[in-house]
Amino acid sequence: MIGGRPQLTDPFEIGGVRIANRVLLAPLAGIGNWFVRLQAKRHGAGLAVSEMVSSFALHYRNERTLRDLLRIHPDEHPVSLQLFGHDPEVMRSGAATAAAAGADLIDINMGCPVPKVRKTGAGAQLLRDPELALALARAAADGSGLPVTVKLRSGVEAGDTSGFDLAIRLAEEAGVAALAFHPRAATKGHKGQPDYALTRRLAERVEVPVIVSGGLADAEAARRAYEESGAAAVMIARGSLGNPWVFEELTGRRRVPPPRPEVVAELLWVIDRAEEHLGAERAGRYLRKFYPWYTARLEAPPELVDELQRSADLPRARELVASLGRPLVAA
Ligand SMILES: Cc1cc2nc3c(=O)[nH]c(=O)nc-3n(C[C@H](O)[C@H](O)[C@H](O)COP(=O)(O)O)c2cc1C
């Protein structure tokens, strides 16, 4: 701690769960599975939050959800599983299932702006129904016996601060253990400058840790947001895609970008874990989303990027990726 303000490398607690530092991996739908979280942890993240999981899918024991989305690696702990939904009873049951799967914390999504989610009454739509939002938080705590956190937006539309008001009520009336605050209106999606001054007002107002999300594209932006917002921690989202090294930078373990062989080795690790997770066939397709983040960093030739996108064949993908680690031979 320097001058009363903790450093990003200092530990903190969420509902009694010790978090080793203040640099967290944000929930990322379709991405934040066990191995992406494990990767963030390996590179220094204090906590990784899962991609959002439907409380209904857990309640109705959807086989694929239970198998793929509740999978937790033993080296990930502490880990937070994020649930979404709009029915307190279903949330209670879903949270119990998440706890039984080994979650240390439950997070509830009250920020998702996607119409498919909002039209069910979940995600950012909960800002319009604070009583239901409070009931969901209480039910998740009840069902899981774990500390519950909520991730939410500042409002639905520009200028609206219903998320700010709800955040205070969640802390004071529903006993949530921390708030992850994304200070952009839901209708803005992921665009525009986040309101870190509003985040500071929230951090000063509530007793529980406020974690800032939004606009943290790199280590520099994350440090600035940490200072400007007065938050207890930062949550890296898009800035972590293909860049697990951002966690090393922010926790003081790295000063220079990783050399090519390290980037290649990291992508090969990702390919191996995806195969372990989904089997060769599904992994081959799933990985198409991951390749561009790494190939951009490696300045891979367009033909190679193209072939990776077209082929779902893992041995060929490994061959192509490995070739990027070899020194370029002048023609
Ligand atoms: C591809 C993608 C998936 C996301 N999925 C979730 C999610 O499942 N749950 C959630 O609360 N936020 C989700 N978010 C929002 C992020 O966690 C984060 O709040 C947002 O990207 C703002 O941070 P950034 O500007 O630093 O990227 C997602 C964002 C992206 C880009």
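**From the ligand to the packed helices**

Around the ligand stand 20 residues, and those that come nearest to the ligand are Ala 26, Ala 29, Met 52, Ala 237 and Arg 238. Sorted by class, this shell around the ligand holds 8 nonpolar, 9 polar and 3 charged residues. As you follow these residues in the structure above, keep in mind that the model is a predicted one.

Where domain 1 and domain 2 meet, 5 residues of domain 1 and 7 residues of domain 2 take part in the contact. On the side of domain 1 that touches domain 2, there are 3 nonpolar and 2 polar residues, and no charged ones.

How do helix 11 and helix 14 pack, and at what angle? Helix 11, which spans residues 260–286, and helix 14, which spans residues 314–323, pack at an angle of about 170°, while their axes lie 10 Å apart. Because angles over 145 degrees count as roughly antiparallel, helix 11 and helix 14 are roughly antiparallel to each other. Helix 11 contributes Val 264, Leu 267, Leu 268, Ile 271, Glu 275, Ala 280, Ala 283 and Gly 284 to this contact, and helix 14 contributes Leu 314, Ala 317, Arg 318, Val 321 and Ala 322. Taken by class, the contact of helix 11 with helix 14 consists of 10 nonpolar, 1 polar and 2 charged residues.

Methods: Residues are numbered from 1 along each chain as its sequence is written. This is a predicted model: local features need pLDDT of at least 70, side-chain atom pairs count only at pLDDT 80 or more; totals for chains, interfaces and linings use all residues. Two residues are in contact if their C-beta atoms, placed from the backbone, lie within 7 Å. Ala, Val, Leu, Ile, Met, Phe, Trp, Tyr, Cys and Pro count as nonpolar, Asp, Glu, Lys and Arg as charged, and the others, Gly among them, as polar. A residue is near a molecule or strand if its C-beta atom, placed from the backbone, lies within 6 Å of it. Axes are lines fitted to C-alpha atoms, for helices over the stretch in contact, and angles run from 0 to 180 degrees between N-to-C directions. Helices (H or I, at least four residues) and strands (E, at least two) are DSSP runs, numbered from the N terminus. Angles under 35 degrees count as roughly parallel, over 145 as roughly antiparallel, 65 to 115 as roughly perpendicular and the rest as oblique.
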